[in-house]
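Subject: Structure handover

Hello,

Here is the structure for your files. My notes on what turned up follow below it.

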Amino acid sequence: MTAADGRWMRLCVLGIVLAGLVLPIVTGLWQTGRAAFGHLPAVGAVSISLDPWRALAALPGLWRSVALSLWTGVGSTALSLLLALALAGVLNGRLSAGRTARLLAPALAAPHAAVAIGLAYVIAPSGWIARLLSPWATGWQVPPDVAIVHDTAGLSLILGLMVKEVPFFLLVLLSAQGQIAVRASLAAGRALGYGAGTAWWKLVVPQLYPLIRLPVFVVLSFALSVVDMAMLLGPSNPPTLAVAMTRWFLAAETRLILPASAAAFLLSGLVAAAIALWLAGERAVAALGRVWLRRGRRGRVAERGLVLAGAVGAVLAALAAAALASLLVWSVAWRWSFPDAWPESWSLGAWMRPAAGWGPAVVETARTGVVATLLSLALAIAWLESEDRAGLGRARWAEALIYLPLIVPQIAFLFGLSIALLGVGLPAGAPAVIWGHALFVFPYVMIALSESWRALDPRLVRSAAALGAGPWRRLVAVKLPVLSRPILTAAAIGFAVSVAQYLPTLFLGAGRVATLTTEAVTLASGSDRRITGVYAVLQAALPFAAYLLALLLPAAMRRRRGLAAS
Amino acid sequence: MRLSLVALIALGLASPALGETWEETLAAARGQTVYWNAWGGDKRTNDFIAWASGALEAQYGVAIRQVKLSDTAEAVTRVVAEKAAGQTEGGAVDLIWINGANFQSMKEAGLLYGPFLQELPNARYLDLSEGSAATVDFTIPTEGYESPWRLARFVLTYDGARVETPPRSMAALGDWAAAHPGRFTHPTAANFMGATFLKQALIELAPDPSVLQSPASDAGYEAAVAPLWAWYDALRPNLWHGGEGFPENESVLQQMLNDGEVDFAMAFDPAAAAAAVERGLLPDTVRSYAPDAGSIGNISFVAIPFNAAHREGAMVVANFLLDPAVQAHAQDITVLGSYSVLDPTKLDAAQQAAFAALPSSPALPSNADLGRTLAEPHPSWMTRIVEDWTRRSTE
Amino acid sequence: MSGLVLEVVSIRPGAAAQPLFAPLDLTVAAGSITTLMGASGIGKSTLVDFVGGHLAAGFEATGRVLLGGRDVTRLPAEARRIGILFQDALLFPHLSVGDNLSFGLAQRIGGRRARRIAVEAALDQAGLGGFHDRDPATLSGGQRARAALMRTLMADPAALLLDEPFSKLDPALRSELREFVFDHVRARAIPVLLVSHDREDASAAGGPVVLLAER
């Protein structure tokens, strides 16, 4: 009975996922695609032609934008991965998985936009670092005329992406390390005369990498198509393709929408090309690595590499901390001129009137995040439970389904999706935004929850069944309580993902839905860093609070039930 | 002060002689929430809109929800998407703060409601004679599809503590930049302010500025812009970051002036600097001025999309913005500092006194500092010089 | 003095904890296989970890390990030249059987050809001729154990620790593999310390038997 029951449940879940997740993406891509080939009646374009592509090719700076996207996307992903692999080696055996995960939480919780806004201020020629060193060390009375933020090579964008992606990779690696025999591999390697660092690179990394491949592609796709961070840190003239495209979509001349749609397709192609490039790179690295391994060298280069990685990691962590701290300082500053290290006058003015400013944005952000997370969580639990009941493992195509929204570039389908939504009479606004967020929240919740769900000791569930508990009681009375910590963690991750969403809010909210993220990005192009500071601080604080809650709640619940903590 | 203001508003609102249709409009508007799509990068403007919402709610039962745009084109795109989807009523955008190219684009595509300006009772305070500033938006006749709400003038702002004698013309600016490399820049021409800077230079440098009032023709274009690009090619290497990167908009530029990264900012609002000093966003040593030959000026408008869900409410908002008391409040440097769009000769003594009583500030330019108002070139000029600039700067 | 010498070795699982076993003094002569026996849970594997340099964080150890007269107690594992054959015969899953061996092969054998020949020879000796490119996951338990031993020996260790290498094999295979392992290690004339709880292991090894005593 249970198996049939499970199959039915599984069918329902699949139906919801197909209708709620896959359909909008496909529809969005279809609509964007039609516009890319000249069909968008709204602007009077009804013929099918290659004109949008010709118009796109004629847009100034296009090829530099494409090259910039590839360089910053692939570069930041490769550097982040390399650094994270090295840092995982440094941390391995020194810090427990649990403590590492807790240390990573603030960096993971802080949305890209908040990090970018803070980082831009910290590293700018007139930024905090320069102010701390001026004029006593540098002699600067006015900031030097060097391009750091918005530099034409995209280096500060790469740095910003690394600040966010290295912790993400570390977290993914942490979970991958649990699946392979790290300690035994290292011990075997060292007994053969290899240093710990060399053994890490030669023995552990090749085993870890296949386990984190999908997340690597997610990051690669994200880095190629990121808009908010690229607007805040990336080159401006021309910007990366994703930013240029967003500008064209929103440009005054409505005719630019057609080439922008073509650009959206170009970006999808770029992501596919980058993944292909990456796969080729993998093969090359694997071939070279095999030669390197066969030579049997017991050198010490890798040890020094790990020390260097530790230093770079520490610098990144310090930058991230300074970035977030600078937001807080600015939010309570009144005047803070160059080259003063600290504000010359302080004011709580920016915080004082929540009703006229950040209050509604906090409510909107929290509401959107909570609803999108709850929906995603319910669907994820239903999916996992249906797998259990049907007694089926996860098919590869199902895994691919989960990753679909994370690998297809957002912007390629969001504009089309907003048109399609209007077409079927669903108005833009809060519900559409919640749905749009759920597209990206669900995969993360699912990924975060799957592993712990499957790691659940099956004997617990079997014992409950043996005691006569039916499937629903087993779910409610055994699985959910036992898994409360991973469920809350998954919820916190989902909430953080929602808070950070920029494009879906912009495109599906018709501008009516103002979250902390959209407001912070808009304000960042204004003149009042103090107000921007308030929004960015709140934007980082909200997900952080969610993580904290996920950490503290299970312990509190256990205490209430009278169970000792240890 | 506040009391008298409320009294003034009440006075303005209580004016009789409202036509029957306006009464109906007011009745229909009651209870509506108007989604006003307005650029959200300026806190003073946002605060002013919030204030207006409160006053309107009290008087008319109409609330404003400001949809803060980072670019006005976002609202245009939204209306386009709605039209694409066949949504002819209940649209998400009720009112747009709009100008120039965006207005032209929407008007030509039939995306605007109107004409409605004549239906607004407070339109009587405007100078609506043929060709007057309130009837033309970037040389495009507004034909009642837009209602004015604030006056803009191009000004340069500098820090008097660092710059003693600012250049008084675009030609002189080139020399100043050569003497102080890296200390001047302008917003990217993709931004309205950056384009305005180029237009100001175009008017000053063009051999015959009068051709700029007609659409740019291929024949006259090259001759008219040649001096501009010659001047700019010489200027660009001396700009901030060697002219390789540009700030996104005038707010970012103002922040850069505050940070000391550059010595000049620019605004399309003579009171912007004074208001920024007031709010601690610029040092109190900044001063604003217009070039000796005068500067570009125009009026900002609001327009209503053809499918606005709360059209009546939007009209009430547009009318409210033209109220003499509201215009005086907006011109208050501590509030918005935006110059009035009304015709002073159409105001009575009490209304004029409200303007005379407004506070002043050293960062606020006098009328003499501002000089002559230069007319905006036809939008086709802006489109073409922006295209040229983009091509030249990304090569 | 080419043997492996342990001097008053004592290990505690924490600073405040009691030692796992009574202080141990032991000398393993070169060419001999000394068997260390003791009840399960007494800390045999921990002792192997200590001698090999793999003691996990948290353990506190006193005493010295000398190899060929040199004090290696403070040296990192990789510098001790002490090979270990683990219980699980862990072959690196990302490398072929042959590459597992070439990974172990000492770096003084240079050149791709020379290294390949050395690896093929070792595979032949282990009865794994033609297995160079095989995925380790396709090997049987006995084959895996033989490959793991060859990999350990290829690093040219100065001493060898065998940590219950036969305990996970089925009885039929066990004696065959014992013979294989002991034949190969005796040929090296290096000190070998076998840790086991199986008396048959001890008798097959034929060397001294030391009992790890309770505290």
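A polar contact here is a pair of N or O atoms within 3.5 Å; within protein, one must be able to donate a hydrogen and the other to accept it, and residues adjacent in sequence count only if both atoms are side-chain atoms. Between chain C and chain A there are nine residue pairs in polar contact, both residues at pLDDT 80 or more.

The model is predicted: local features need pLDDT of at least 70, side-chain atom pairs count only at pLDDT 80 or more, and totals for chains, interfaces and linings use all residues. Residues are numbered from 1 along each chain as its sequence is written, chains are lettered from A in the order in which they are written, and side-chain values use heavy atoms, without hydrogens and water.

Contact (heavy atoms within 4.5 Å) involves 28 residues of chain C and 26 residues of chain A. On the chain C side, 14 residues are nonpolar, nine polar and five charged (nonpolar: Ala, Val, Leu, Ile, Met, Phe, Trp, Tyr, Cys and Pro; charged: Asp, Glu, Lys and Arg; polar: the others, Gly among them).

A salt bridge is a side-chain nitrogen of Lys or Arg within 4 Å of a carboxyl oxygen of Asp or Glu. The search finds 39 of these salt bridges over all chains, and three cross the interface of chain C and chain A. One pairs Glu78(C) with Arg190(A), with closest N and O atoms 2.8 Å apart.

Within chain A, Arg530(A) and Asp528(A) form a salt bridge at 2.9 Å between the closest N and O atoms.

Regards
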